[in-house]
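Subject: Structure handover

Hello,

Here is the structure for your files. Please load it before reading on.

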Amino acid sequence: MACLSTTLDQQQQSSKKMIRMKSAGLSTCHASPLIDCDDELSKSALFAFRAKEEEITKKKMEVKERVQAQLSRVEQETKKLAEIRNDLEALEDPRWKEGTIVRKKVDLVNKELKSLGQNCQKKEKEYREAVDAFNEKNKEKAQLIARLMELVNESEMVRMKKIEELNEKFQLFVKNQ
C-alpha cells in the first residue's frame, strides 16, 4: 500500500514537471498567436492525463497480477497441506482406530448401563415398597390372629363357664330328683 502511494506521488511530481516544462515553453511561444499556445497547453494536459491513466492502469494490472500469483501460491500450499494431512492419517497406528471404535462401544455400553441402573433403582424402590407393604400386612394379620385367639379363648372360657353352670344345674336337678 505504501508502495502504491509512493508511485502515485512520483506520477504527480512527473506530471507537474511536464506542465512546468510546457509552461516554460509558453514564454518562447510569445511570438506565436495565443490560440496556438492554448492548443499546446490543452494537448500537453491531455497527454499528461492520458499518461497518468496509463500508469494507473499499469499499476492496477501489476497489483492484480501480484494478487493472482499470491492466490495461486496459497492454493498450492493448501493442496500440499491436504496431501500431508492424508499422509499423516495413513501413517496412524491401526490400533488407534481400533481404540477409537472400542471407546465408542464403551460409551454405548455406559449409556445402556445408565438406563439399566435407573431401571434397577426404580425396581428396587418398588420392591422395597412391596416388602414394606407385605410386612405391614403381616403385622396386621398377626394382630388380627392375636385378637382372634383372644376372642376364641374368651369364647371358650364363656362356654366352659356355661357348661359348668349347666353341669351344676344338672347335678342339682339329678340330686333333687
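Below are the ground rules, then the findings.

This is a predicted model: local features need pLDDT of at least 70, side-chain atom pairs count only at pLDDT 80 or more, and totals for chains, interfaces and linings use all residues. Residues are numbered from 1 along each chain as its sequence is written, and side-chain values use heavy atoms, with hydrogens and water left out.

Overall layout

The protein has three helices and zero strands. The order from the N terminus is α-α-α. Helices (H or I, at least four residues) and strands (E, at least two) are DSSP runs, numbered from the N terminus. Helix α2 covers residues 34-91. Helix α3 covers residues 94-176.

Surface and burial

The protein has 177 residues, and 4% of them count as buried. Buried means under 20% relative accessible area, exposed means over 50%, and partly exposed lies in between (1.4 Å probe, protein chains only). Accessible areas come from the Shrake-Rupley method with a 1.4 Å probe; for residues, only the protein chains shown count as cover.

Salt bridges

How many salt bridges does the structure hold? There are five. The criterion is a side-chain nitrogen of Lys or Arg within 4 Å of a carboxyl oxygen of Asp or Glu. Three of interest:

- E62 and K59: the side chains meet at 3.9 Å, N to O. The two residues are three apart in helix α2, so about one helical turn separates them. E62 is partly exposed at 36% relative accessible area. K59 is partly exposed too, at 25%.
- K80 and E77: this salt bridge has an N to O distance of 3.8 Å. Again in helix α2, K80 and E77 sit three residues apart, which means a separation of about one helical turn. K80 counts as partly exposed, with 47% relative accessibility. E77 has 44% and is also partly exposed.
- E156 and R159: the closest N and O atoms are 3.2 Å apart. Both residues lie in helix α3, three residues apart, about one turn of the helix. E156 is partly exposed at 37% relative accessibility.

Surface patches

Patches are made of residues with over 30% relative accessible area and no salt bridge; like charges are joined within 9 Å, and nonpolar side chains (Val, Leu, Ile, Met, Phe, Trp, Tyr) within 5 Å.

Which residues form the nonpolar patch on the surface? They are L81, I84, L88 and L91, with about 450 Å² of accessible area together. L91 belongs to helix α2. L91 is exposed because its relative accessible area is 70%.

There is also a patch of negative charge on the surface, where D36, D38, D39 and E40 gather. Lys and Arg count as positive and Asp and Glu as negative; His and the chain ends are not counted. The place of a charge is taken as NZ of Lys, CZ of Arg, CG of Asp or CD of Glu. D38 is found in helix α2. At 46% relative accessibility, D38 is partly exposed.

Best regards
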